[in-house]
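Subject: Structure for you to look at

Hello,

Here is the structure I promised to pass on. Please open it alongside this email and follow the notes below.

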2 protein chains.
Amino acid sequence: MRYRFEDAVDLTETLENGMPIYPGDPVPSFLPSATLEKNGVNLTKIAMGSHTGTHIDAPMHFIPSGTTIDQILVSAFIGEAVVVDLSQNPIGHGVTGSDLDRSAGQEIQEGGIVLCYTGTSEKWGDQTTNRNFSYLDLDGAKYLVSKKVRAFGIDTLSVERFGHVTPDSHKELLGNGIFIIESLSNKVKLFLGQRILLIALPIKLGGRDGAPCRAIAVPIGLEH
Amino acid sequence: MRYRFEDAVDLTETLENGMPIYPGDPVPSFLPSATLEKNGVNLTKIAMGSHTGTHIDAPMHFIPSGTTIDQILVSAFIGEAVVVDLSQNPIGHGVTGSDLDRSAGQEIQEGGIVLCYTGTSEKWGDQTTNRNFSYLDLDGAKYLVSKKVRAFGIDTLSVERFGHVTPDSHKELLGNGIFIIESLSNKVKLFLGQRILLIALPIKLGGRDGAPCRAIAVPIGLEH
């Protein structure tokens, strides 16, 4: 078994003007601050929220005195992950513990990473999925805590049902030290039912609640 | 030989208010846009330039119609790197081809990555090193092009001598498809003279000139 870095696949949504965001988040903008024509150099001014695009939630997002994104050891951002297919459910489904157990229970290991493909990511850019997206039910979050996983990723804007009054699924995961990757791209479907090496590196925001990341899948195994 | 992911070392400077920037770049700011106390959630509003902190220069930075940061394949951001010690020179030194050849010529491979420790990073936060930093001489850039490396990294704000009228070293590297990693942290000195697996993943800015990255060193070899 070996990691095929040369075949790595990008699981990250592009950061660009007009991109989908969680309703109420800071509006992202990416504009030239200097150009080759005018200034002899191309530079960009970035404005965005810490949870824009494909990103990682640190415990501080919802937990008082919770771990900040720069306090998570870089080694935690690299690890084998199982990719679970839950796209047979309609968009808007709440993923439960029995969904996860039925689909991948045998593959979910202590200290491992679980990535969930709900199919919501197929509609990235469709405004309706800014509110109507699949999510992780509290029951699903409790299941992952019982399995002692390290991280959970999903191809939707949030692990929480939109409009839910209390952030139960976030708190269940983050309160138990499980970090969360949100807005994975639909490229995760290339690995349904497979094990990959996930590398999801957030930018190093000092003392903050989360950060945009670059997430990639490294296939495991022999060449095709 | 194996990659010791569990011992990965962060080579990234922290993104925070008041951090060093290249003179004239957008002033970075990282401020709460919502807090647990007031809003029930911690969120951060990020403002910064595309070349803030540890970051990658794409060819578009200086080359007309050059490759943009999101066009570089993710597999290019992972690869074995040799770490070259040039800290015997005073800060402000221009690294030449013979410097690189003498220190690591045998180790520099086609398609490989070269990281240069100049010692400038020991003074991260000292305002004098925002202008007085070591850099890559045009001669050094030509040497790297002749070696057909994939990428070059350095522990200074720029590969170019500060105040240089034309961006010769940038253009030599970027014009030959060699991407650049700037502002690596002083943690690179842990690997002087060694070969590591470098993973340097930039955020995915669509159609832009460069981007902040998270850069880590994965040791190669047996356990200690």
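A:A47 stands opposite B:A47, which lies in β3(B). Start there. This is a predicted model, so please keep that in mind as you read.

Now look at the strands around that spot. Strand β3 of chain A covers residues 43-49. This strand pairs with β3(B) in the antiparallel sense, over 5 bridges. The two strands belong to an open sheet of 4 strands. Read across the sheet, the order is β2(A)-β3(A)-β3(B)-β2(B). The pairing is antiparallel. At the edges sit β2 (29-34) of chain A and β2 of chain B, and each of these pairs on one side only. On average, neighbouring strands in this sheet are turned by 20° against each other, with direction ignored.

Next, the contact between the chains. How many residues does each chain bring to the contact? Chain B gives 51 residues and chain A gives 50 residues. About 4500 Å² is buried between chain B and chain A. Carbon and sulfur atoms give 66% of that area. Three residues deserve a look: B:I46, B:K204 and B:R214. Together they supply 17% of the area that chain B buries against chain A, more than any other three residues.

Then come the polar links. Between chain B and chain A there are 22 residue pairs in polar contact, counting pairs with both residues at pLDDT 80 or more. Which strands of chain B supply at least two residues each to the side that touches chain A? They are β1 (9-10), β2 (29-34), β3 (43-49), β11 (195-202) and β12 (210-219). Of the elements on that side, β3(B) gives the most, with 7 residues. By type, the residues on that side of chain B divide into 30 nonpolar, 12 polar and 9 charged.

Last, the salt bridges. Between chain B and chain A the count is 2. In one, the side chains of A:D10 and B:K204 meet, at 3.0 Å from N to O. Another joins B:D10 to A:K204, with the closest N and O atoms 3.0 Å apart. This pair crosses between chains: B:D10 is in strand β1 of chain B, and A:K204 is in the loop between β11 (195-202) and β12 (210-219) of chain A.

Best wishes

Notes
Residues numbered from 1 in each chain as written. Chains lettered and ligands numbered in written order. Predicted model: local features only at pLDDT ≥ 70, side-chain atom pairs only at ≥ 80, totals over all residues. Heavy atoms only, no water. Contact = heavy atoms within 4.5 Å. Buried area = accessible area lost by both parts, 1.4 Å probe. Salt bridge = Lys/Arg side-chain N within 4 Å of Asp/Glu carboxyl O. Polar contact = N/O pair within 3.5 Å; in protein donor to acceptor, adjacent residues only side chain to side chain. Nonpolar A, V, L, I, M, F, W, Y, C, P; charged D, E, K, R; others polar. Pairing = 2+ DSSP bridges. Axes fitted to C-alpha atoms, helices over the stretch in contact; angles between N-to-C directions.
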